[in-house]
Amino acid sequence: MQSEKKPSPFALRNVKLFVAFGVFFNSRFYYPVFSILFLDFGLTLSQFAILNAIWAATIVMCEVPSGALADAFGRKRLLVLAGALMVLEMLLIAFCPRGNPNLLFLVFAINRMCSGVAEASASGADEAIAYDTLKKYGDPNDWGVIMDWRIRFKSVGFIFAMILGGIVYDPTVVQKVVSWLGSDMVVTQETTLRLPIYMTLVLAVMTLAVTLMMKEERVDDGGQGEDSAPSIKDAFAITFRAGRWILRTPFVLTVIIAGLLFDSVARMIVTMASQYYRLIDVPEALFGLIWAGIAVMGFFVPRLARYLSENKTPLFNLGFMVVVVLIGVSGMSMFIPWWGVIPAMLLFANMNVLDFFLSFYINRATRSDRRATVLSFKGLALNLGYGAIGILYSLLLARLRTGLSADQPGMEELALKNAVFIDSMIYFVGYFLVGLAILIILGAWLLRGSREHKEIRPQQELG
């Protein structure tokens with residue numbers, strides 16, 4: 001008798017909505033003009049830096065509490081909150097008047113706080129609700145397939161947002177389109193300023209709709225259980241238990257620490273990518289195409305990550321990422337004209353690999369009743385790592401600037417900034433190697449006598 005065909009995990013509604021949420025929540029049309037948009041609204045560069053700090057601080061403060069609330073009160077409720085906050089953050093800047101600088105800064109500050117809380121609310125809750133649905137009605141071994149396709153669809157959304165967002169913000173291009181349509185309307189920067197925001201607002205409404213269609217699912221695997229009455233006390237108890245469990249689970253703790261190291265280096269360099277491209281003689285008109293090219297790699301990288309996670313040990317995969325990061329950062333530090341794009345793309349593609357590995361290993365190792373909280377601890381660790389390297393890097397830049405100013409007095413400001421940036425890049429190699437040495441020593445100590453670093457079976461859960 002022929003065996004029945006295994007059902008697709010995408011037949012599960014929550015799984016399909018999980019993929020859609022990832023696309024709508026992350027594909028924002030203002031990303032390609034992010035810093036320029038804020039400045040064109042009338043904010044200063046220092047205000048832009050302060051707003052980014054507000055956003056990061058909000059995420060750090062809300063990351064773990066939101067995960068605990070998701071585990072105690074329901075993942076769907078936190079995701080609906082994330083969708084509603086995304087709508088609110090877009091509405092604030094879509095209709096904010098530009099005449100009053102103080103009001104403008106206040107509105108954007110609220111926008112950044114809403115965005116931070118939304119990010120924290122979604123972090124972990126989306127994966128937890130999808131993974132529990134898969135575990136309850138499907139096969140947990142299909143999680144790699146789901147993450148593979150989710151990253152691919154996110155890449156499609158990212159490409160679409162990056163290209164179209166940049167186009168609609170350019171008044172020259174929009175004017176040509178309007179004229180071709182036979183209209184006499186004159187298009188200025190004022191006309192196109194909010195177009196990417198309006199388009200992202202549409203995605204925000206779609207994000208909220210997706211979360212409202214989700215269904216809360218829990219797996220009773222020896223934890224709190226499906227029928228427990230939630231309370232604030234439960235949320236604090238879950239946070240404490242999850243934190244204690246991470247500290248007592250060497251494999252998960254090591255994975256999170258490794259993620260902190262790899263993510264901090266890559267994310268810090270990503271924030272400076274446009275400056276790097278300029279210094280390797282890439283025309284600014286091609287920046288968006290480069291980012292689109294990086295997003296295209298999202299179609300292929302998840303398949304590689306899935307193969308490695310399912311067929312190789314965590315130790316092998318750690319070594320693989322070490323090699324990729326060292327090639328990427330070392331290559332970028334050489335500032336090779338044009339060809340320097342290749343190591344940059346390699347490093348940025350590795351972020352997708354890291355994201356896949358973290359999700360794969362942590363979800364496999366974590367029990368249902370604490371899954372969202374543990375994933376939130378992961379998010380907290382990554383953001384703390386990013387903040388720490390940001391502080392260290394700013395101190396390094398100040399030191400290098402002082403040294404160059406003393407050695408070459410009278411250097412023009414632009415030339416000085418470029419020289420400081422070029423000299424600073426090699427320090428990322430040193431930072432990564434020092435961090436890697438600490439990780440190896442700490443990981444060897446934590447995992448002594450443990451086998452999880454050699455193999456974690458598809459059915460195995462450490463929780």
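Reply: A salt bridge is a side-chain nitrogen of Lys or Arg within 4 Å of a carboxyl oxygen of Asp or Glu. This is a predicted model, in which local features need pLDDT of at least 70 and side-chain atom pairs count only at pLDDT 80 or more, while totals for chains, interfaces and linings use all residues. Residues are numbered from 1 along each chain, and side-chain values use heavy atoms, without hydrogens and water.

Me: Why is the contact of E89 and R112 called a salt bridge?

Reply: Their N to O distance is 3.9 Å, and the limit is 4 Å, so the pair qualifies.

Me: What makes R112 count as buried?

Reply: Buried means under 20% relative accessible area (exposed is over 50%, partly exposed in between, with a 1.4 Å probe and protein chains only). R112 has 4% relative accessibility, so R112 is buried. E89, at 0%, is buried as well.

Me: Why is the pair of R28 and E89 called a salt bridge?

Reply: The closest N and O atoms are 3.2 Å apart, which is within 4 Å. The pair links distant parts of the chain, with R28 in the loop between α1 and α2 and E89 in helix α4, 61 residues apart. Helices here are DSSP runs (H or I, at least four residues), numbered from the N terminus.

Me: How do you know that R28 is buried?

Reply: Its relative accessible area is 1%, and the cut-off is under 20%.

Me: How many salt bridges does a search of the whole structure find?

Reply: The search finds nine.

Key. Helices (H or I, at least four residues) and strands (E, at least two) are DSSP runs, numbered from the N terminus.
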